[in-house]
Amino acid sequence: MTDFLRDNDIDYPASLAGGSSDLKEELGTDHNLPVETSRLAAMQPYFFPYLGYFQLANAVDQFVFLDDVSFIKRGWINRNRILVNGEGKYLTIPCFNPSQNRLINEIEHRLDGKGKRKLLLTIRHAYGKAPFFTEVMTLIEQVLDTDSPYIQNLAERSVEVCARYLGIECRFYRNSVTNGNSQLKAQERIIDICCKAGAQVYINPAGGKKLYNKSDFRDQGIDLRFIKPKPVEYNQFGDKHIPWLSIIDVLMFNGRRNSADLLEAYHLEQA
């Protein structure tokens, strides 16, 4: 069981941590984008990411997986946090030679049949008494049944399965397949992706504000926006709420309908 669990050793920015909210009052009041606008987001594929990742996917109609960028060790590509005995613990997929000198789509995972059974047992011990355990466990099993040795495929599958379950309708693309722009770096690559996709709006997590220049996007006819999740709380076995855990935690305690409502709990900021 403990093979997949690691103590919480990454802190979220203070601006994202904790706090309660009256969700009904805050939902859907400040997004301010015309429905007909073509919107795009691009992110590395993460393994069962947190709610904010799905809020981003729900805010756009095209979502590009950046599979041809450097692997991030101790990041979110092969792990995320779940609730174990009242604490946030890492659920980790072991990988072969993970290195920041290799691309995400070059990294193979080491999840064999025995490892998969142990991982599922870990989740069962953690959430077996959660109100939506049975239906969410089915989703997790679908993801772990992915027939590919690459962590990229497991991570992408975890996003797509949960997104469809939540009713998110955006189209998912893989950058290495659709754009072939690995020679470009950072902002230039994102602008190239937007131009090729005909996107009028690019939405990025607020944590990336320093990476992008508004005028460079505007020169290409692209409106740059930043999304910032609002803190939300829900019942986790009656204990003190642990925020920013994997979507697994959100779904286990909220089910499909209430989790879909939480997709609207964010601010959309003009660059």
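Trainee: Which residues do ring pairs link into a cluster?
Mentor: Tyr-46, Tyr-53, Phe-54, Phe-63, Phe-65 and Phe-172 are joined that way. Rings of Phe, Tyr and Trp (its six-membered ring) pair if their centres lie within 6.5 Å; planes under 30 degrees apart count as stacked, over 60 as edge-to-face and the rest as tilted. Keep in mind that this is a predicted model, where local features need pLDDT of at least 70, side-chain atom pairs count only at pLDDT 80 or more, and totals for chains, interfaces and linings use all residues. Residues are numbered from 1 along each chain as its sequence is written, and side-chain values use heavy atoms, with hydrogens and water left out.

Trainee: And how many aromatic pairs does the structure hold?
Mentor: There are 15. One of them is Trp-76 with Tyr-90, a tilted pair at 6.0 Å centre to centre and 40 degrees between the planes.

Trainee: Where do those two sit in the chain?
Mentor: Trp-76 is in the loop between strand E3 (62-65) and strand E4 (79-84), while Tyr-90 is in strand E5 (residues 87-92), 14 residues apart. Helices (H or I, at least four residues) and strands (E, at least two) are DSSP runs, numbered from the N terminus.

Trainee: Is Trp-76 buried or exposed?
Mentor: Trp-76 counts as buried because its relative accessibility is 15%; buried means under 20% relative accessible area, exposed over 50%, partly exposed in between (1.4 Å probe, protein chains only). Tyr-90 is at 0%, so it counts as buried too.

Trainee: Switching topic, which residue lies over the face of Tyr-90?
Mentor: Arg-79, at 3.9 Å from the ring centre. The criterion is NZ of Lys or CZ of Arg within 6 Å of the ring centre and within 35 degrees of the ring normal.
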